[in-house]
Amino acid sequence: MAEQQQQQFYLLLGNLMSPDNDVRKQSEEAYDTIVGQTKITFLLQAIRDVSAAEEVKQMAAVLLRRLLSSSFEEIYPGLTLEMQTVIKTELLTSIQTETSPNIRKKVCDIAAELTRNLIDDDGNNQWPEVLKFLFDSVNSDSVNLRESALHIFWNFPGIFGNQQQHYMEVIKRMLVQCMQDQDNPHIRTLAARAASAFVLSNEGNTALLKHFSDLLPGILQAVNESCYQSDDSVLKSLVEIADTAPKYLRPNLEATLQLCLKLCADSNLTNMQRQLALEVIVTLSETAAAMLRKHTAIVAQSVPQMLAMMVDLEDDDEWAMADELEDDDFDSNAVAGESALDRIACGLGGKIILPMIKQHIMTMLQNPDWKYRHAGLMALSAIGEGCHQQMEAILQEIVSFVLIFCSDPHPRVRYAACNAIGQMATDFAPTFQKKFHDKVISALLQTMEDQSNPRVQAHAAAALINFTEDCPKSLLIPYLDSLVQHLHVIMVAKLQELIQKGTKLVLEQVVTSIASVADTAEEKFVPYYDLFMPSLKHIVENAVQKELRLLRGKTIECISLIGLAVGKEKFMPDASAVMQLLLKTQTDFNDLEDDDPQISYMISAWARMCKILGKEFQQYLPVVMGPLMKTASIKPEVALLDTQDMESISEDDGWEFVNLGDQQSFGIKTAGLEEKATACQMLVCYAKELKEGFVEYTEQVVKLMVPLLKFYFHDGVRVAAAESMPLLLECARVRGPEYLTQMWHFMCDALIKSIGTEPDSDVLSEIMHSFAKCIELMGDGCLNNEHFEELGGILKGKLEEHFKNQELRHTKRQDEDYDEQVEESLQDEDENDVYILTKVSDILHSVFSSYKEKVLPWFEQLLQLIVQLICPSRPWADRQWGLCIFDDVVEHCSPASFKYAEVFLQPMLQSLCDTSPEVRQAAAYGVGVMAQYGGELYRPFCTEVIPLMVRVIQSADSRVKENVNATENCISAVGKVMRFRPECVNVNEILPHWLNWLPLLEDKEEAVHTFDFLCDLIESNNPIVLGPDNANLPKVFLIIADGVANESVKTEDACSKRMANVIRQVQGSGGLWTQCVSTLNETQQKAIQELLNTA
């Protein structure tokens, strides 16, 4: 019976490998129904069966390893002890007796997988026999056994568990001995890979890396040998070390770099191997830039290598006429060289790279061979981002040089020149546009006329898009006529070509160029609207074939951008026709494939239509929302694979992989991800634009968005999910408080949790910002005790992390590789950290303003950390934000706030004279809210600070740009003390000075407070403000006129009505009015008139 079952099982294994999909699918289903324990028995028998075919045994071995890797917990612990022992013994016996090297390796993989699962939480290896087997095999005379031992150790370097330290010398001796095996090159290779795997799995253990550093020369030797045996596995290990444990290379960095340079330069090796050797150097420029900067001589030798790769191009007569842009051949040397150059420039910085490369590029550009000129221009494009500062200084020279090549005799060089212009237009915007607009626009327009080389034409149009996207409107307007005429002529010509020959490449780019020009020109594009719209609508109606999908998508984008640019009035007559066209596509929308480029263009176009039409867009929601929700709900294909399975899936099929270590990788199919992100962004746009008009959809959108806060495959999706929360609450308001509260309960937990778990700081700041807005919207009572408890813990964690990161940066500044570029990146980290601190402050602000003093007992768990922020020894940004938090406590939680006075009053007083204007501003704002809201207890303090603030206001440089906001906050605070705590200050003495300091021009919020107080004083006929016989009124007029002209007060502010009344009263008394108005200049008189008309 068992015999028969086993035979059936062999048949099943054979069918699992069948090329016929149906057969394979049926067999997979049959295989899945077999019980785990039975599977193991059958698979083990198959592996040991001498008579079974090799591929059947191989398949069995792969399946058994997968079973242990994916279902260990479900199956293994339930087996009898006897069965477990049988498995262990069988595997070790099989390794010793198996004659086929391929099967033997696969059985080693199973043994490694089993051991990986048999190390318990305390690090005990529950299979001690496997360790004994390793020691015996490594010292055995049999090459096969030595190889098996190394293979298992390479596969699972953590095999010694908590005994690793104890066996350290043994492990080292074992690896050294095998790396010196003179008779067996493949043992040397495998030992080097095993040593690398061991180093990688202990990347954080500095002492161990140091102890094993003398293995590196052996690894390097193996890299060199194996490459010439056409095996690049050790070289790949070296790339991994450069990526994860770069410091391990330090003692032998020179030798490592020399070896990589030698391999990279050797044209006898394959392209792949040469690129991998270069990858080691490039990766180090990213993971250990400071360490590499000490070896500039070698870096300088690697630059010509990259440039030489970029010259490795094929002559291709069809190139200039190609209508489909095939994706760059990513394995080609030219692409690899260009990408390496880009990365090393970003990694090491322009100070080092530009001087190394400049002369090479100049020489290449003068070479009679087009390939060198092409490579020189592409190299210029590649280094722009990394060498930004240094190239900006010589931009004039670079641009005049590049423009010459727009008329090079070879089309591919002209193409590369357009590429460099497009890249510089992006990298150096808007300086580039401001300095070179005349030269660049005319060169690109001329290149776009190159009818015989469509590929060049299209690239010139693409460069024009880059140029106009970041071009200030005022610079573009003078060229508008000429640009529009050129684009129109080309569009008409290319439409003809599309009809006659079916070519579309240039048309696709020109349509986008038109869109970009319209987007920048805005209402100035109105006169040209009728020139383009009919043709564009014609394309959308007629370009329905599959190969025209991209053209149609780009045209839809162009129409909607033009509509947005010219505005509702001009676009309205066409709006419904355009919407009908879009909806016609929309009805076929369900037939579109997931990767159809029209989808994302379409989705963005609807959102623009929504912006143009406003509330009138609501009627289209029923048709638009279906596809939009469908796209926003795309679920990507994901897989957890072990390294062995990885080999069967390539990145070309749209899969991307993240290495999780321990022989495992996480794969995701990226198709549809960008579309998903766009769709989520657009839902945000609808909620923002339509407000209560979107209420019908809030429920389904909130159910979609809340889980997406954890969508870690795409940052943009999480950002959109976070942004949508407060907007959806606003939409839902019209349904009443109960509905609103239900919706808030649905999102609140998830928002708080994601603040705790979000790994990316940019996304985190968005989530925190949204959470704060939600609390402000929902107000008192929106958080329950559990919420508060969790939020308190998370905010405490963020503050502690803030201090810890500062210490880490302090440590990095002591590192032996510390240099000014490291300092730059540390400052970036610092800015990131401070940004998160500002968001902590936002959240606290929203909690204080909603809950007032009853939230203070909760706040006390954070108090010591906030006090730590305002210590004089902390960086200014910490002190600024710490004070802002205390400002909020005073403003919203007084008079109870006074119980913390002892920890913040003194620092606040000292901060008024701080060297940092941001700190002075936060302190001055605090004084203002103390006077206004603090209560009786703050009176002595208000008296004490007046002279300090007067000193700040009267200092010589108090009005320079960086100081003005702090100064204006002081002026406002002095006003608030006089207004709310007149008993604390000699008002008659200070008031004349205060009037001379007005109006406030920068801080609009504080300006309103000062004007309010000014109106109080005038309305109560204050003699100091009006002066004897109203002599001061012209001065008051001047203050009001400047304030209005500067838009310091808005029409909707209550005080603008009061100021208008003051002016009207004076208007009634003829002579005084003339006197007041005569002192004003034209702008000021206009401002007064405007105030009277609107307020």
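A: Leaving aside its neighbours within four places in sequence, Asp819 is in contact (heavy atoms within 4.5 Å) with Ala290 and Arg293. This is a predicted model, in which local features need pLDDT of at least 70, side-chain atom pairs count only at pLDDT 80 or more, and totals for chains, interfaces and linings use all residues. Residues are numbered from 1 along each chain as its sequence is written, and side-chain values use heavy atoms, with hydrogens and water left out.

Q: Where is the place of Asp819?

A: Helices here are DSSP runs (H or I, at least four residues), numbered from the N terminus. Asp819 belongs to the loop between α40 (785-813) and α41 (820-851).

Q: With which side chain does the side chain of Asp819 make a polar contact?

A: A polar contact is a pair of N or O atoms within 3.5 Å; within protein, one must be able to donate a hydrogen and the other to accept it, and residues adjacent in sequence count only if both atoms are side-chain atoms. For Asp819, the partner is the side chain of Arg293, at 2.7 Å.

Q: At what angle do helix α33 and helix α36 pack?

A: Axes are lines fitted to C-alpha atoms, for helices over the stretch in contact, and angles run from 0 to 180 degrees between N-to-C directions. Here α33 (residues 621-632) and α36 (residues 698-708) pack at about 15 degrees, their axes 11 Å apart. The two are therefore roughly parallel to each other (angles under 35 degrees).

Q: Which residues make the contact of α33 with α36?

A: From α33 come Met625, Met629 and Ala632, and from α36 come Gln700, Val701, Leu704 and Leu708. By class, six are nonpolar, one is polar and none is charged. In this count, Ala, Val, Leu, Ile, Met, Phe, Trp, Tyr, Cys and Pro are nonpolar, Asp, Glu, Lys and Arg are charged, and the others, Gly among them, are polar.

Q: How do α5 and α7 cross?

A: The axes of α5 (residues 81-97) and α7 (residues 128-138) come within 11 Å and cross at roughly 15 degrees. Leu92, Ile95 and Gln96 of α5 meet Glu129, Val130 and Phe133 of α7.

Notes. Parallel < 35°, antiparallel > 145°, perpendicular 65-115°, else oblique.
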